[in-house]
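Have a look at the structure below with me. We will go through a sheet, a helix pair and the confidence of the model.

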Amino acid sequence: MDPNDDVFFSIHYRSPRANNDDSSSSSPPVRTPKIFDRYFSSSSPSSSDDDLQPSNSNPSLEASTKRLEYMIQFLDRKLSNNNDSNPINNNDNVSHRHKTSGLPEFISEGGGTGIFRVPVRAAVHPDRPPSLEIRPHPLRESQIGRFLRTIVTTENQLWGGRENGAVQVCELKEIYGGSDGTAPFKESVALNSGSGVTCLVGDDGGRVVWSGHRDGRIRCWKMDPGPGSDPCRVKEVLSWVAHRGTVMSMIMTSYGQGFVVGIGGGVIKIWPWEALEKAFSFTAEERHMAALFVERSYIDLRNQVAVNGFSNVLNSDVKYLLSDNSRAKVWSAGFLSFALWDARTRELLKMFNIDGQIERLDMSSGQDLTFEDEIKMKTVAGSKKEKMQTSFGFFQRSRNVIMGAADAVRRVAAKGGFGDDNRRTEALIITTDGMIWTGCANGSLVQWDGYGNRLQDFQHHSVAVQCLCTFGLRIWVGYASGVVQVLDLEGNLLGGWVAHSSPVIKLAVGAGYVFTLANHGGIRGWNAMSPGPLDGILRLELAGKEFLYTKIENLKILTGTWNVAQGRASRDSLVSWLGSTAGDIGIVVVGLQEVEMGAGVLAMSAAKETVGLEGSSVGQWWLDMIGKTLDEGSTFERVGSRQLAGLLIAMWVRNNLKAHVGDVDAAAVPCGFGRAIGNKGAVALRVRVYDRVMCFVNCHFAAHLEAVNRRNADFDHVYRTMTFGRPSNFFNAANAGTSSAVQMLRGANVMGANSPEGIPELSEADMVIFLGDFNYRLDGISYDEARDFVSQRSFDWLREKDQLRAEMGAGNAFQGMREAVIRFPPTYKFEKHQPGLAGYDSGEKKRIPAWCDRVLYRDSRSAHSAHVSECSLDCPVVSLISQYDACMDVTDSDHKPVRCIFSVDIARVDESVRRQEFGDIMKSNEEIRFIIDELCKIPETIVSTNNIILQNQDTTILRITNKCGENDALFEVICEGQSIIDEDGQASDHHPRGSYGFPQWLEVTPAAGIIKPDHIAEVSIHLEDFPTVEVFVDGAPRNSWCEDTRDKEAILVVKVRGAYNTNETRNHRIRVRHCCSSQTAQLDPKLNGPGQIKGNLLHRADYQHLSSSYDVVNHLRNLHSP
């Protein structure tokens, strides 16, 4: 569970069912959720589509053990709270931790509202659809160099590609399983950091998946492991070098071109289906020969364009490719330009920019080029023109070159001003109705028709679009803010919510879910019908079973603060201060102030900050000394640090806890000299612990007795402006360059972007601990009086004079935060190396002793709650203070070091158990099953024929009728395979087409679309007689010949689905025969009477319903089909 995702937009809910409120509609009785239904009985009806339901209907022993453990924890907490009845001292605003030995606490006023409100947490948040955690948010430190960068779904699998070149695959029928946090998956062998996966394409027909890589290679992976192969590994079957640059995009085309690959520098290559089929015919021993063969069998579209005289058309990187199967077109796109191609002839039809303006094909689209590229192109164009027009004057030619260079300068200047960059294309899809949609960097969505005409714009979010996907009648949009929105095909917003705490970089649809891949590598599944009626039922059921998947962890945190006054501590002093770590402390956080000061130090620190540097030799000395004290390496490991001038904060984690601590980020806020210099200010670390976010802030505020308002202002400035994002230790910094996506995440205020209010990042943490030299003093007391009360240990009276306590009580600072009641002497100001209380400042100034050095915190409890809240997923972090004292025997500074030990209960989700519960609900809940069955019904549909004969460039109309009077029917026509018809009229030499589209001789238009209720779709089946076949070597044609004149037969499959169905179709096969002679056309006189041998339909006795003639297998067998 990702706690940062609980900043939500409201869901604009629109029912997908027009008759949802119709009183005459049938509906099942509402069933009250019963926690233990699964253990005693199941009302789930048997069905034939359970292959996408949980594979563990009988819970495993491990899962059952976990459930029992969490149930016992839950009962223990309930019994403990019920037996707890100790009184509360409300007058002193002090709370007591009843069931343990926690210290009494003082709670500041002003919390619970605005930016000081405790963030909302819940097992299932009420303002967004419930999600299925396929791959929970992994710790960044565990993913260095191996982040997931892309995903794709096939019919039965979910594939992912990593930065290290590996791919992983999860069976969709197993997404509810797994014994750990992640759904079960298998993975390929990692390659190297330069071989990262950039794109994936699934080929269900060929049962393979293709991956494009940064090193220019294309790899082919088997979906199903063969006999004798490792079941835990994905097997690579083919690999070759496509180009020396990065493979940026890949698609399968609709007309047998194989697949198209987009590469940097405008390179577009095509690998024909015939070449790939031949490569797969090689044996395992001949794999190297297959790779060499395929490597040289491509078609280079730039050569095609050059033949037509437009050699400079394609120069920008081909970021996106799209296959428009309904019109047999292919779109290629850069950030600022598009090209439209004919999928059959490979002809360039049109080039246009992001405004829809057609660009001249004899010039480059300079908007995607560098300045140097444009100058070079203008010069080359000028030299060619000089050869062609020798009479052209030298000065005129020079003028043209200069004008061209000036034009390039203007373009680069405009680009530098972010005029076009803000509108660059970031995503490209085609919807079921044939419209093209693009997402832009400014958050806008643009709708185009299939011919490149810009239709209209939509703006539903102000942050950059990162990805798009579509299914049925909906469009899903992923944004850099982590927000996901759902639109209809008209562009109307149906709903939106924060899906992840980092950018949503990829979307994929399968098994009834829309899967979102976040920049941090987490994957979530959202019900494809969301927002919709299923959300409320799922939310209620999951909330009722919360105690079955909630695990409570306990953690002890030691925080220490010390103003070291530019000195250096002895080892004995550090042991005295931090010696408590010998016990069961899990995390140690140390904040130091005045590590080094002086004008030169402050100036150097400010200069370093401007170029992204930090740290100093003195700061490193302190880190090393504290590390030795904590037995760094053997017992603890330093996971993060941050220095700003004299401020230093660092964190150490016990080795056995490292697997649960990570995502360490750092931040710094200067408060001195115009909020620019670090003599005063704060440094902070943010970390995820057991999936909960904790922030530790080390502060040094304005000095002097009278500067109370300045100190309050310093706190307010730090709280509001603290922004995390920089690498916080040497490990992260050294590896930051391995992932551009990680850099993007760190460079953006993701949490602030998620919130419509722009609330501070500290407000979104589950626990915030402020420590440091806050410099609040004692008011209304003299030096001698203070010394007397200290010597008598009359701390209760002294606390009444404490400025910080007064400001907290008035709600002026540290609003809603807590501090243990102070039971130790004031820690400022002392003479160095003077032991005991006699060491208080006795010089000329005689500064009044004060509690300058403090530790305050805020957890998940309400600021108005003085009693102890139960730790749960609604209140996930509950803390108490077991020790709060000062080390009075340390004399190395004019301040005494202070330490505070927290005992923290953390509620977290066991994702493996929650996934199983999620799956059980989806399978057994009668109301959910009823809604799914109703929404996923496939409309009753008929087709006009199942046999077609074509010759002499005939065209036949295939009619598909939607007999349903209420719902739309979505159809797609694919080619399942091709055969040769022998002299006896029988099909032989069958070649499955997989996902490679229609053969060259057959044109199907449109190949996809939507059929309205009681409407008919007409599909043109056209014969392209004797197309020319060319053989390409190294991108250029070497020879060509006409296709053989033998009769052929293609098996078309019409796939029909409902608007909400992502995984089930009703199929109807149609045999299309290409007849080259009248003899062949008359092979079956029973089906064709005299005079009917032209390209007509083979008449049928009646129309066949798809529901009753699923595959028309008998017809195909009778007609000698393979």
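How many bridges join strand β9 to strand β10? There are five, and the two strands, residues 208-213 and residues 217-222, run antiparallel. Along this pairing, Gly212 stands opposite Ile218 in β10. Please keep in mind that this is a predicted model.

Both strands belong to an open sheet of four strands, ordered β8-β9-β10-β11 and paired antiparallel. At its edges you will find β8 (197-203) and β11 (236-241), each pairing on one side only. On average, neighbouring strands of this sheet are turned by 15 degrees against each other, direction ignored.

Now for the helices. Helix α3 lies across β9, β10 and β11, and runs at about 130 degrees to β11. Helix α3 (residues 273-280) also has helix α4 (residues 287-295) as a partner: their axes come within 9 Å and cross at roughly 170 degrees. Angles over 145 degrees count as roughly antiparallel, and α3 and α4 are therefore roughly antiparallel to each other. On the α3 side, Ala275, Leu276, Lys278 and Ala279 make the contact, meeting Ala290, Phe293 and Val294 in α4. Of the residues in this contact, six are nonpolar, none is polar and one is charged.

Finally, a word on confidence. The protein chain averages a pLDDT of 80, and 75% of the residues score at least 70.

Definitions and conventions. Residues numbered from 1 in each chain as written. Predicted model: local features only at pLDDT ≥ 70, side-chain atom pairs only at ≥ 80, totals over all residues. Heavy atoms only, no water. Axes fitted to C-alpha atoms, helices over the stretch in contact; angles between N-to-C directions. Parallel < 35°, antiparallel > 145°, perpendicular 65-115°, else oblique. Contact = heavy atoms within 4.5 Å. Nonpolar A, V, L, I, M, F, W, Y, C, P; charged D, E, K, R; others polar. pLDDT = per-residue confidence, 0-100. Pairing = 2+ DSSP bridges.
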